[in-house]
Amino acid sequence: MKLDARIYVTGHRGMVGSAIVRRLQALGYTNILTRTHAELDLIDQQAVHAFLAEQRPDYIFIAAAKVGGIQANNLYRADFLYQNLLIEANLIHGAHLAGVQRLMFLGSSCIYPRDCPQPIREDYLLTGPLEPTNEPYAIAKIAGIKLAESYNRQHGRQYISAMPTNLYGPNDNYDLANSHVLPALLRKAHEARLRGDAEYVVWGTGTPMREFLYVDDLADACVHLMQQGYDGPLVNIGTGTDVTIRELAETVMEIVGFQGRIVFDTSKPDGTPRKLLDVSRLADLGWRARTSLRDGIRMAYEAAPFHT
């Protein structure tokens, strides 16, 4: 990618989009296109197509999506399916109409079957049933992958898809009603410490295993793939290591400085028992995660809006 290439990053105010913008700026890219939701509603097909036809970016990173944790995914199933389908369809088809040759679609590791072998290889996609709690979101993301693949096959585009593992870092969502597990734990532990509580509550049994990637590492991997001109199939992006939710909660406690104990609310769902990505394809392309979980959680906590 030339340093003056026109690069459109969608969702630039979100955790992923803002990290991609930070990485591009750090590398010296000077022509980054962004639009807020108020300036461009990605659900509005006509507006999206008009914007892309006018701007004609050289590269697009699709980091915009409606996202949330287990509770939000389960409660707002229609919203997650409908809005994500529209966002990706408008952007991918609009990019094609505007003659954009290079595009990256960012999905989620929840696209893989609930009980598929571990670690999860890219070719396990569509080999079994999905996790029921986030099935609509996963189906939307699978549709995005297949849409990108289909434009490549039918129209000769170079639209690639990357599947990040669980992400965290600056600009994360810390709303306890619909956030993911790590930001929720950070905020709960922080507030428990401020109140002087004896305990803090963690959803589920603590036994599920999860992999976590610092969002700036994800951004580095995405830019690396684009710079390399990668033109192959779906790529997993992760660390290749995982921890139990109990271990995660204990690490959060140490970093936040909470001295109490953990109580597991087993009436709440655990979700998928284990979700570890096989990252050998990405490693073969010359990239590995750099940020340790402990260092990443510390940086995320320091950047959190509630941190004092």
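These are my notebook entries on a few side-chain pairs and contacts I looked up in this structure, which is a predicted model.

**Entry 1: aromatic rings**

I began with the rings, and my search of the whole structure turned up six aromatic pairs. I picked Tyr174 and Phe306: their ring centres are 5.0 Å apart and their planes meet at 85°, so I noted the pair as edge-to-face. The cut-off for that label is an angle over 60 degrees.

Where do Tyr174 and Phe306 lie? Tyr174 is in the loop between strand S6 (166-168) and helix H6 (181-195), while Phe306 is in the segment after helix H10 (293-303), so the pair ties together parts that are 132 residues apart in sequence.

Are they buried or exposed? I found Tyr174 at 7% relative accessibility, which counts as buried. Phe306 is buried as well, with 16%. I also wrote down that Tyr174, Tyr301 and Phe306 form one aromatic cluster.

**Entry 2: around Trp203**

Next I looked at Asp265, which lies in strand S12 (residues 261-265). Asp265 and Trp203 are 62 residues apart in sequence, yet their C-alpha atoms are 5.0 Å apart in space. Setting aside neighbours within four places in sequence, I found Asp265 in contact with Val201, Val202, Trp203 and Gly204.

Trp203 came up again when I checked charges over rings: the charged end of Lys268 sits over its ring, 5.3 Å from the centre.

**Entry 3: salt bridges**

How many salt bridges does a search of the whole structure find? I got 16.

One of them joins the side chains of Asp216 and Arg22, at 3.0 Å from N to O. This pair links distant parts of the chain, with Asp216 in helix H7 (residues 215-228) and Arg22 in helix H1 (residues 15-26), 194 residues apart. Asp216 is partly exposed at 23% relative accessibility, and Arg22 is partly exposed at 30%.

Then I checked Lys146 and Glu149, whose salt bridge is 3.2 Å from N to O. They are three residues apart in helix H5 (residues 135-155), so about one helical turn separates them.

My last pair was Arg294 and Glu254, with the closest N and O atoms 3.1 Å apart. Arg294 is in helix H10 and Glu254 in helix H8 (residues 245-256), 40 residues apart. I noted Arg294 as partly exposed, at 42%, and Glu254 as exposed, at 53%.

Methods. Residues numbered from 1 in each chain as written. Predicted model: local features only at pLDDT ≥ 70, side-chain atom pairs only at ≥ 80, totals over all residues. Heavy atoms only, no water. Helix = DSSP H or I, 4+ residues; strand = E, 2+ residues; numbered from the N terminus. Contact = heavy atoms within 4.5 Å. Phe/Tyr/Trp six-rings, centres within 6.5 Å; stacked < 30°, edge-to-face > 60°. Buried < 20%, exposed > 50% of the residue type's maximum accessible area, 1.4 Å probe, protein only. Lys NZ or Arg CZ within 6 Å of the ring centre and 35° of its normal. Salt bridge = Lys/Arg side-chain N within 4 Å of Asp/Glu carboxyl O.
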